[in-house]
Amino acid sequence: MIDIRLQLAAEEFIGCVTSSEAVKEFQNAERAFRSDPEITRIRTDYVSLAQEYQKKQSSGGLTQEEINRIRMLQATLNKHPITVRYAQSRQTMNMMLRDCNAAINEVLGFDFAATAAPASRC
């Protein structure tokens, strides 16, 4: 059984992390990315073309024009302000979480995340 002090400390830590500006910004950016109609349309078009082109590529029928078309669609998605905000906020949050991980590792004296991670199935 976990010591109640450890339980309370863990809950306080989780609360601090989840209420941090980095996590809040990521959640807002992710919500915008997932719900924006234009982004949704671009992503749907991209997936549809990718599937179509994958079939053509396996039969050797993919043209340079089609390759350019999907690259342009991907660039449009990647350069969209909502996508840029989402990617930047995800990177900021991940850096914050790595810093938290490093601080915990320092206190514990071992890499707790590696110890707690599920075993690889490879």
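## Basis of the values

The model is predicted, and local features need pLDDT of at least 70, side-chain atom pairs count only at pLDDT 80 or more, and totals for chains, interfaces and linings use all residues. Residues are numbered from 1 along each chain as its sequence is written, and side-chain values use heavy atoms, with hydrogens and water left out.

## Nonpolar core

The largest nonpolar core comprises 18 residues, and Phe33 and Met96 have the most contacts inside it. A nonpolar core is here a set of buried Ala, Val, Leu, Ile, Met, Phe, Trp, Tyr and Cys residues joined through side-chain atoms within 4.5 Å. Buried means under 20% relative accessible area, exposed means over 50%, and partly exposed lies in between (1.4 Å probe, protein chains only). Two or more residues of this core come from each of helix H2 (21-35), H3, helix H4 (64-79) and helix H5 (81-108). Helices (H or I, at least four residues) and strands (E, at least two) are DSSP runs, numbered from the N terminus.

Beyond its neighbours within four places in sequence, Met96 is in contact with Val17, Ser20, Ala22 and Val23. Contact means heavy atoms within 4.5 Å.

Ala29 belongs to helix H2 and is buried because its relative accessibility is 1%. With residues up to four places away in sequence not counted, Ala29 touches Arg85, Tyr86 and Ser89. The C-alpha atoms of Ala29 and Gln88 are 9.2 Å apart, although 59 residues separate the two along the chain. Ser89, in helix H5, is likewise buried, since its relative accessible area is 4%. Its contacts, with residues up to four places away in sequence not counted, are Glu25, Phe26 and Ala29. Ser89 and Phe26 are 63 residues apart along the chain, yet their C-alpha atoms are separated by 4.9 Å. A polar atom of the Ser89 side chain also lies 3.0 Å from the backbone oxygen of Tyr86. That pair is a polar contact, defined as N or O atoms within 3.5 Å; within protein, one must be able to donate a hydrogen and the other to accept it, and residues adjacent in sequence count only if both atoms are side-chain atoms.

Arg34 is also placed in helix H2, but it is partly exposed, with a relative accessible area of 46%. Arg34 touches Thr40, Arg43 and Tyr86, residues up to four places away in sequence not being counted. Between Arg34 and Ile82, 48 residues apart in sequence, the C-alpha to C-alpha distance is 9.7 Å.

Ser59 is found in helix H3 (residues 37-59) and counts as exposed because its relative accessibility is 61%. A polar atom of the Ser59 side chain lies 3.0 Å from the backbone oxygen of Lys56.

Glu66, located in helix H4, counts as buried because its relative accessibility is 12%. Apart from residues up to four places away in sequence, Glu66 touches Tyr53, Lys56 and Gly61.

## Largest pocket

The largest pocket has a volume of about 240 Å³. Helix H1 (4-18) and H5 each give two or more residues to its lining, and H1 gives the most, with four residues. The lining consists of Leu6, Ala9, Ala10, Phe13, Ile104, Val107, Leu108 and Phe112. By class, these are eight nonpolar, no polar and no charged residues. Ala, Val, Leu, Ile, Met, Phe, Trp, Tyr, Cys and Pro count as nonpolar, Asp, Glu, Lys and Arg as charged, and the others, Gly among them, as polar.

On a 1 Å grid over the protein atoms alone, a pocket is an open set of points where a 1.4 Å probe fits, with protein on both sides within 12 Å along at least five of seven lines; lining residues have an atom within 4 Å of a point. Grid points are joined across faces, edges and corners, and the volume is the space filled by probe spheres set on the points.

## Asn105 in helix H5

Asn105 lies in helix H5 and counts as buried because its relative accessibility is 17%. With residues up to four places away in sequence not counted, Asn105 touches Phe110, Asp111, Phe112 and Ala113.
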